[in-house]
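Dear colleague,

I am passing on the structure below, together with notes on some of its side-chain interactions. Please read the notes with the coordinates open beside them.

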Amino acid sequence: MRNLSELEARAGRPQAAFGEHAHIVCDNLVRIYKTGDAPRGARGGRGSTVEVVALQGLDLLIDKGELVAIVGASGSGKSTLLNVLSGLDVPTAGLARVAGMDLLSMSPRDRLRFRRFVVGFIWQQTARNLLPYLTARENVLLPMRLAGRRRAGRARADELLELLGLADCAGLRPDELSGGQQQRIAVAVALANSPEVLLADEPTGELDSESSEQVFAALREVNRELGVTVVVVTHDALVSEQVDRTIGIRDGRTSSETLRRTSGDGGVTAQEYAVLDRAGRLQLPREFMHALSMERRVRLELERDHIGVWPSDEEGEPDE
Amino acid sequence: MIRLAAAHRRISALLAGLVLSASLLASALPRTLEASFDGGAHDTLAQSPPTSTALGVTWDGKYGDSVAQVIEGDTRWRGMLPPAMRNVADPTRLMSFGTTLPITGKMHRYLALMWVFEVGERIRYVEGVPPGPRQGKSFEIALAASAAAEFDVETGDEIRLGELTAKVTGLFEPLGSATSGFWAHHAQLTGVERKRTVGSPEDDLILTGITDGDGLAAAEQRLFYRWTIMVDPAKVTARNAEDVLSGIPGFNRRLLDEGAGPFTSLDRILPRYLDRLAAARALVAVLLGGLAMVCLGAIALAVRLLADRMRSDLSLMRARGASLPHLAAAGGVVAAIAACPAALAGYAAGGLVPGPATPVVHLGPPMLALAAVAFAVTWVARAHRRPLEERRDDIVAARTDPRRITLEILVITLGVIGVQLLRTRGLGTGDPFLVLAPPLLALAAALVALRVYPLLLRPLLLLAARRRGAAPYLGLTMAARAASGAALPVLTLLPALAIGAYGAATADGLESAQRLAAWQTVGAEIQVKRVDGIPPDLVDRIRRAPGVHGVVPAAIGETTAEVGFGGRRATVVAIDLDAYGRLLEDGPVALPPGLAAPLPADPGDTGVSGDAGTAEDTGTAGDTGAAEGRDALVSPGLAAMPRFEIGWPERLTVVNRGAVSALPGVTTDGGDLIVIPAPHRQQINTLFVNGDAAAVKAAVRAAAATGTVITTVEEESDRIHGASLNSALVTALRVASLALAGYALIAAGIAFVSQGRERSRALRLLGTLGLTTGQARTVTVLEVAPLLLLTTCAGVVLGLGLPALLGPGVDLSAFTGPGGGPLQISPASALPSAAGVVLIALACAYLGGSRAKSV
């Protein structure tokens, strides 16, 4: 037992906030879409409100310079998360901070500055990333012009196209480029104003495997060369082979993490972990639960170095 | 931005086309209308007798001792004219003075000695020389040759006028047209003037001779001076007529203060024109207000479509760091690239249309372009102001917005209040709120239709759900989904159809009323008139002419009903009323109720009555009963007199047997009417004929009856319709209705195209599930049809009901002509355009259904 003075000293010591040093922080993030009328009984309501909970208390920490993939089934909330992180959407509750900017309390001016200089974004649809009537160079120049950076813009655009191996495509319009080239130009566009974070929503969803490999190579290149934090959302579980860390999302919460490590002999190993949130919640993999017929409640036992999880003994317990 | 506009060139071209057409209408239509209104002012004055439109100044007594003073008087009176009247005054100077003296030794014969300004330039001497100066009590005079012959006076004759004498030194002929300004005001110089004093058995004949002015001015006789300031009809316009009219009382007061006497009928003529002008302007304002609203609605639809099409581009720019002002500016510039040149082109094209330019001509096109840009800026800003909307695309939103409900209630309330105020106050007040009341009511009806639509759709959906076929249910489901974006199209389409139907129905009503007025004026299909009487052989020729199937002879003339001290001017009609009643059965007009019935016989009176009316063939009706009195129907002005004397068609006593206020084919010009229900064979001067007009004309030519005037209903109808104000009003109504139908179609088209992507996606999905092309067409038609039909029906019903709703607020009686009666609104007039819009829209939907599936 510690004495009272030790406890007081411990309480008085400054404690690090959750994710204080992380580049991207999501703490208990909630996003609810509401449609229809007010609830029945409310003034003027007709009881046809529809609420869709896209994120329900999601926690996430990503350090500066990481290359992270967020994977999940369709409807799991990964695109919503990316929209929130890019400043295109506003969460309903919780905390979301990117590069030190609180996404819930940003003014319109801050949000504009955030989109211009802090994050770059790549969508799944190749056609959605580029204006079809502008050339590749003009597309890269566009964010700089919108941000009022006209000087040296052309040089920066050419530099980015060179970095991504697209220098010879500078004068071509999107409809003259392949899908992979278009997505790589989209990467260049997203990097035009030197953002700290690059967010990509299914960037290879419409591409063949070869083009996908080229796009991921480009993302790894900018992550390594420019130190940009890269977050890629995808439903493709195999993406974990391309990134350092893969975060799984299920039902609007982070459920698992897969870490990719290189061993001393040069081999690459990937280990999947369940995510334990700050409230102590843990999502068990669905297949584990099915295998042991775990439903509604489980029995936990604290051992010296682990916690055991057993199916509940239904016979000896009253059914509620 | 140019490349952004080029990327959406089709929608930009649509927007440009709409702005161009709207600018052209805004620029050209007011010019044309103003030109027609001016033409109406010109027609009104030019068709009135010059003596009634001029401003006259009289002076009874001595004005001066010389001609110079009289001429100076003209300058003096003109100087008193208010500016508005001075601007329309003709610079031609007309003045005269003189005195009328009885000719010694001759009863009822007078000689007027007169000086007329610059008369020497208006006449040509055919005999003798111009009159010289006065010699004591002897004047030298010159006479019109025809008048001298009638008076049996020759050059060198001396006419004794009491102690004065007038020696004829020359005879002249007038130069120029008798109807020209000068001779219209000095008609007495060209012939013998006849005047009848009440109770006198004989006319007074007045011969007018021109004489030396200075000599006459210095004479001791009481002189009567007259200055005439003619009004130039070309200078009176729709814009200054009101000022001219309002200047007349002030001018008259100033003249009276100076001791002069004003005389003019302009203050009776101009109000008639201004009443018609106000009615035309009010109705046109309603139509143009509706047209402007619909134009703006169509432009807003096109801009919304453009903004929707640019949405992905602008979203990308937004995500790439464009600020909201950036995006709004981009949307505005793209709209401006389409709208500004189009507005300029429309304005320039409108400039080619002749007519005065009113402020709306200059303001309309830029306002339309500005509206297009403002719409674009607003839409883009609204669409991108928040990071993401609080909704998902896969869920239909039916959010109830309290602000929208409040606005809807406000518009409906304003529409109802506006119409009620319009009914009580009328449109003549020029209140812009009242002018906008009908379009506002149409807008309110559109809002109600939008609220009612889901209620109508629900039972249809339930019905469709029970049917085996999937297509109706799918179509109606898509209609229900599309309803959320249908507000703006309905708000454009319904007012377009309502105001268009109102315009078309009113134009048809006006035309039928004018045709009725033409029948009232002519009195039959053909009217044959001859001042000197129609000889019996011409009557027989016309009766026997091929294609003629009805002839009723009549004697129609002016007389003085000898009642009171001065008598009353009256028009006498002697006609077989039974025969005339039968003749009118073929046309849209009829004798007034009860008039065709036999007159009540008075047992105590021996005068001919009903029997005389059937004596056409015997020819005795005109001769019988003259001594005892002739039965007649009289107008209310004479109704108090049981019997009185008239001098035409012969001197006889009229016995009052009933009342009549009007008779088809007879105009009384404000005088009384006396109808003798029997023909008068000796004075037949009018024939009412039904049949082939060409045959009648041929018969008249064959009879060589000079001076015969033939008028047909068609000619009279064309004349009434051709009057500037009438034609302008009807043309404006037709053009506006046509334009509104066009915009309604465009609105329906844009609404259809706006849903194109979603429809195409749905149909392609359904196609993979086995939807056939035919079913796709059915689905598309059913998606479009419910709202289209509801909107069209509501619009047409409102349009046809507007005349009744507006009631006396829009008074068009000034345009229906004499006897035109109230406006008859026929649904048939408005249905073709509305049906055309619906059919074309549904046909496009039918064809578009298969295309959307195949895309």
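**Salt bridges and one serine**

The side chains of Glu408(B) and Arg404(B) come together in a salt bridge, at 3.0 Å from N to O. Please keep in mind throughout that this is a predicted model. Both residues belong to helix H13 (residues 402-425) of chain B, where Glu408(B) and Arg404(B) are four residues apart, about one turn of the helix. The two partners can also be described by their accessibility: Glu408(B) is buried, with a relative accessible area of 8%, whereas Arg404(B) is partly exposed, with a relative accessible area of 39%.

Elsewhere in chain B, Glu34(B), Asp38(B), Arg239(B) and Arg281(B) are joined into one network by salt bridges that share partners.

Taken over all chains, a search of the whole structure finds 29 salt bridges. One of them is formed by Arg3(B) and Glu138(A), whose closest N and O atoms are 2.8 Å apart. This pair crosses between chains, running from Arg3(B) in helix H1 (residues 2-7) of chain B to Glu138(A) in helix H5 (residues 136-146) of chain A. Arg3(B) is partly exposed, with a relative accessible area of 39%, and Glu138(A) is likewise partly exposed, with a relative accessible area of 22%.

Finally, a residue of chain A. Where does Ser76(A) sit in chain A? Ser76(A) is placed in the loop between strand E3 (67-72) and helix H2 (78-85) of that chain, and with a relative accessible area of 5% it is buried. The side chain of Ser76(A) reaches the backbone oxygen of Ala73(A) at 2.7 Å. Leaving aside residues up to four places away in sequence, Ser76(A) touches Ala54(A), Ile249(A), Arg250(A), Asp251(A) and Gly252(A).

Notes
Residues are numbered from 1 along each chain as its sequence is written. Chains are lettered from A and ligands numbered from 1 in the order in which they are written. This is a predicted model: local features need pLDDT of at least 70, side-chain atom pairs count only at pLDDT 80 or more; totals for chains, interfaces and linings use all residues. Side-chain values use heavy atoms; hydrogens and water are left out. A salt bridge is a side-chain nitrogen of Lys or Arg within 4 Å of a carboxyl oxygen of Asp or Glu. Helices (H or I, at least four residues) and strands (E, at least two) are DSSP runs, numbered from the N terminus. Buried means under 20% relative accessible area, exposed over 50%, partly exposed in between (1.4 Å probe, protein chains only). A polar contact is a pair of N or O atoms within 3.5 Å; within protein, one must be able to donate a hydrogen and the other to accept it, and residues adjacent in sequence count only if both atoms are side-chain atoms. Contact means heavy atoms within 4.5 Å.
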